[in-house]
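Open the model in your viewer and keep the selection tool at hand. This tour says what to pick at each stop.

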Amino acid sequence: MSLLTVAAIYFILWWTVLFIVLPLGYRSQQEEGEVTTGTVESAPAKFRGGRVIVLTTVISAVLFAAYHLVSTYFGFGIADIPVILPSFE
């Protein structure tokens, strides 16, 4: 697997995991009871960007390591996934 392929797969995986991690621990300003003037009530009360980035990176690294292990050492790839759609020939 080339370095560019590794980077592309990791980037796509990281970006997908980011949207899974973003709502974790989310508390709105309305829930906290302290709405800042000029913002909507649904805005985050305390955005922890560093925590989100670190958690996303760790989860993505674990998932990528699992993918690499399965594809490299066990020989499974995309072509090994069974086709479940019927053939219209």
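Select F11, I12, W15, F19, L22 and F47: they make a nonpolar surface patch of about 690 Å². A patch joins residues with over 30% relative accessible area and no salt bridge, with nonpolar side chains (Val, Leu, Ile, Met, Phe, Trp, Tyr) linked within 5 Å and like charges within 9 Å. Areas come from the Shrake-Rupley method with a 1.4 Å probe, and only the protein chains shown count as cover for residues.

This is a predicted model: local features need pLDDT of at least 70 and side-chain atom pairs 80 or more, while totals for chains, interfaces and linings use all residues. Residues are numbered from 1 along each chain as its sequence is written, and side-chain values use heavy atoms, without hydrogens and water.

L22 counts as partly exposed because its relative accessibility is 33%, between buried (under 20%) and exposed (over 50%).

Next, the salt bridge. Which residue does E32 pair with? Select R27: the closest N and O atoms are 2.8 Å apart. A salt bridge puts a side-chain nitrogen of Lys or Arg within 4 Å of a carboxyl oxygen of Asp or Glu. The whole structure holds 1 salt bridge. E32 is partly exposed, at 36%, and so is R27, at 42%.

Definitions and conventions:
Buried < 20%, exposed > 50% of the residue type's maximum accessible area, 1.4 Å probe, protein only.
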